[in-house]
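Open the model in your viewer and keep the sequence panel beside it. We will go stop by stop, selecting one thing at a time.

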Amino acid sequence: MIKVAIIGAENVGKSTLMNALIGGRISEVENLPGTTKGVIRRRFGKLKIPKSMKNPLGGADEFVLIDTAGLFDPKREFRGKVLSEEKFREVINEIVSSDIIIHMVDATVGLHRGMEKLHHLLKFRYEKPIIVVINKVDLVPRERVEELREIIKKRLEQEAIPLSLVTYEGFNDLLKAIAYYAQYIW
């Protein structure tokens with residue numbers, strides 16, 4: 001079984017992504033910060049592997065998706081932690097125990113400094129594979145998406161997948177990235 005944690009600042013679309021991956025309404029979705037209060041864990045089931053890839057999972061193709069509470073308030077750049085210290089630690093422990101992390105960035109807001117620090121901690125200290133997605137690309141001009149991709153490439157040292165959970169742009173690229181990392185876990 002492979003655990004995939006979805007992380008990001010408040011209102012970035014973590015619960016919407018979880019619902020899209022599962023194909024049903026599991027996580028509560030609101031246009032209000034703080035809707036998810038802690039950790040929601042659900043079986044994802046089988047991942048649809050693109051035909052161009054061999055199934056990296058053999059027979060063990062069960063995934064558990066973890067929808068985490070927003071860790072930072074996107075309007076407060078540095079002191080934007082929104083959870084109690086105890087809840088924050090609980091969420092961080094759940095993230096650290098995951099096999100793959102999806103780090104969501106809101107195209108309308110940009111990369112949050114607190115999330116940037118967490119990203120580096122997870123990547124370098126815990127050596128977690130991280131997939132970065134820029135969500136809500138349907139709400140901003142293409143130039144903004146490219147600008148964010150460059151910022152992420154420079155500050156997080158990796159490529160980002162543009163994603164829209166309205167038009168499903170980038171959704172297959174995200175599935176391919178999950179399948180790619182999954183083959184190294186098993």
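Select strand β1 (residues 2-8) and strand β3 (residues 63-68): they run parallel and are joined by 5 bridges. Two strands count as paired if DSSP finds at least two bridges between them. Strands here are DSSP runs of E with at least two residues, helices are runs of H or I with at least four, and both are numbered from the N terminus. This is a predicted model, in which local features need pLDDT of at least 70, side-chain atom pairs count only at pLDDT 80 or more, and totals for chains, interfaces and linings use all residues. Residues are numbered from 1 along each chain as its sequence is written, and side-chain values use heavy atoms, with hydrogens and water left out.

Stay on this pair and pick out single residues. Lys3 has Val64 as its bridge partner in β3. Val4 has Leu65 as its bridge partner in β3.

β4 runs parallel to β1, and 5 bridges join the two. Click Ile7: its bridge partner in β4 is His103. How many residues of β1 are buried? The count is 6 of 7, so β1 is largely enclosed by the rest of the structure. Buried means under 20% relative accessible area, exposed means over 50%, and partly exposed lies in between (1.4 Å probe, protein chains only).

Go back to β3 and show its side chains. In a regular strand the side chains alternate between the two faces of the sheet. Phe63, Leu65 and Asp67 point one way from β3, while Val64, Ile66 and Thr68 point the other way. Both sets are buried. That makes 6 of 6 residues, and β3 is mostly covered.

Next, select helix α1 (residues 14-22) and helix α5 (residues 171-185). They pack at an angle of about 80 degrees, with their axes 12 Å apart. Axes are lines fitted to C-alpha atoms, for helices over the stretch in contact, and angles run from 0 to 180 degrees between N-to-C directions. The two helices are therefore roughly perpendicular to each other (65 to 115 degrees; under 35 is roughly parallel, over 145 roughly antiparallel, the rest oblique). Which residues of α1 and α5 make the contact? Show Leu17, Ala20 and Leu21 on α1, then Phe171, Leu174 and Leu175 on α5. A contact means heavy atoms within 4.5 Å.

Move to helix α4 (residues 142-155) and click Arg142. Is Arg142 buried or partly exposed? Arg142 is partly exposed, with a relative accessible area of 40%. Leaving out residues up to four places away in sequence, Arg142 touches Val137, Pro162 and Glu169. Draw a distance from Arg142 to Pro162: their C-alpha atoms are 10.0 Å apart, across 20 residues of chain.

Zoom out to the whole chain. There are 5 helices and 6 strands, in the order β-α-β-β-α-β-α-β-α-β-α. Of the 186 residues, 49% are buried.

Last, color by pLDDT, the predictor's confidence in each residue, from 0 to 100. The chain's mean is 81, and 75% of its residues reach 70 or more. Select residues 32-38: pLDDT is below 50 there, and the stretch has 20 contacts beyond near neighbours in sequence. Where pLDDT is low, the predicted coordinates should not be read in detail.
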